[in-house]
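Good morning, colleagues. I shall present one model today, and I ask that you keep the display in view as I proceed.

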Amino acid sequence: MLYRSVVYLLGMLINFFGVALLINATLGAGFWTAFFIGVNEHLGFTVGFWYAAFQLIIIFVNAQLMKQRPEHRAVIPVFMESLILDFWLEVVFSNVDLSTAPYVLQVMALLTGVALIGLGVAIYILPQFPRAPVDQLFLAVSARFKLSIQAGQTAVAVFMTSLALIIGGPVGLGTIAPMLFLGPVIQFCYTRAYPLYYKLDPRGSAVPDEVV
């Protein structure tokens, strides 16, 4: 359990470090984050606060889409991730301003952020602990409307990007890049991290044949 918990937390830390780097590249935030930033600018509080608030609502949206009981365990990653996001944004990056940095540096920060988000998500899902509601929403939409996972993800991404635009969130290259590249990056990192995760498992579990 300790090993799985450490991997779970490490994945979250890497993921939201990438999110914070993507935001601070000032070329637009990811479609979810752009929406939360837009709400933050209109109503105050922190981005992490709105991240948590809307995810609590999404727990019930997912339940309705899947026609199941709300996944109460999803509250755990919601609060953990909101705290981690605010840690990176409000503490580590509080005095970082890349808005006047050379464009090449901004693009490098953006691409590094996308890579770190993909790596973090790939690590975060390995222990199979409860996932954040936004990570389940794509699956719920796909299942309810009989779409492929990619189509469900794209539908949610387009919808959230539209909302972010309406409320004045930072939509830009940093919003488009995750839509195009995040899926392949997660797949690339996951297929390589999965065997290593089992190899380092103190229980000595063998890697399932299908991922060797």
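I begin with K67, which lies in the loop between α3 and α4; helices here are DSSP runs of H or I with at least four residues, strands are E runs of at least two, and both are numbered from the N terminus. The phi of K67 is near 55°, a positive value in a residue other than glycine. For context, most residues other than glycine have a negative phi. K67 is exposed, with a relative accessible area of 68%; exposed means over 50%, buried under 20%, and partly exposed in between, with a 1.4 Å probe and protein chains only.

A word on conventions. The model is predicted, local features need pLDDT of at least 70, side-chain atom pairs count only at pLDDT 80 or more, and totals for chains, interfaces and linings use all residues. Residues are numbered from 1 along each chain as its sequence is written, and side-chain values use heavy atoms, with hydrogens and water left out.

F45 also has a positive phi, near 60°. F45 sits in the loop between α2 and α3 and is exposed, at a relative accessible area of 58%. Just after α6, K146 takes a positive phi of about 55°.

Now the chain as a whole. It holds 8 helices and 0 strands. The radius of gyration, taken over C-alpha atoms, is 17 Å, close to the 17 Å from the globule rule (2.2 Å times the number of residues to the power 0.38) for 212 residues, so the chain is as compact as a globular protein of that length. Along its principal axes the C-alpha trace spans about 50 × 40 × 30 Å, and buried residues make up 47% of the 212 residues.

I turn to the aromatic side chains. The structure holds 20 aromatic pairs, where rings of Phe, Tyr and Trp (its six-membered ring) pair if their centres lie within 6.5 Å, and planes under 30 degrees apart count as stacked, over 60 as edge-to-face and the rest as tilted. Y3 and Y197 form a stacked pair, 5.3 Å centre to centre with 20° between the planes. Because Y3 lies in helix α1 and Y197 in helix α8, this pair ties together parts that are 194 residues apart in sequence. Both Y3 and Y197 are buried. One aromatic cluster includes F45, already mentioned, together with F16, W32 and W50 among its members.

Which residues lie nearest the centre of the largest pocket? They are D135, F138, Q153, L182 and I186, from a lining of 37 residues. A pocket is an open set of points on a 1 Å grid over the protein atoms alone, where a 1.4 Å probe fits, with protein on both sides within 12 Å along at least five of seven lines; lining residues have an atom within 4 Å of a point. About 1,100 Å³ of space lies in this pocket, the volume being the space filled by probe spheres set on the points, which are joined across faces, edges and corners. The largest share of its lining, 9 residues, comes from α8.

The second largest pocket holds about 320 Å³ of space. Of the 17 residues that line it, N62, Q68, E71, A74 and Q136 are the closest to its centre.

Finally, in α6, the buried residues include P133, L137 and F138; F138 is also among those nearest the centre of the largest pocket.
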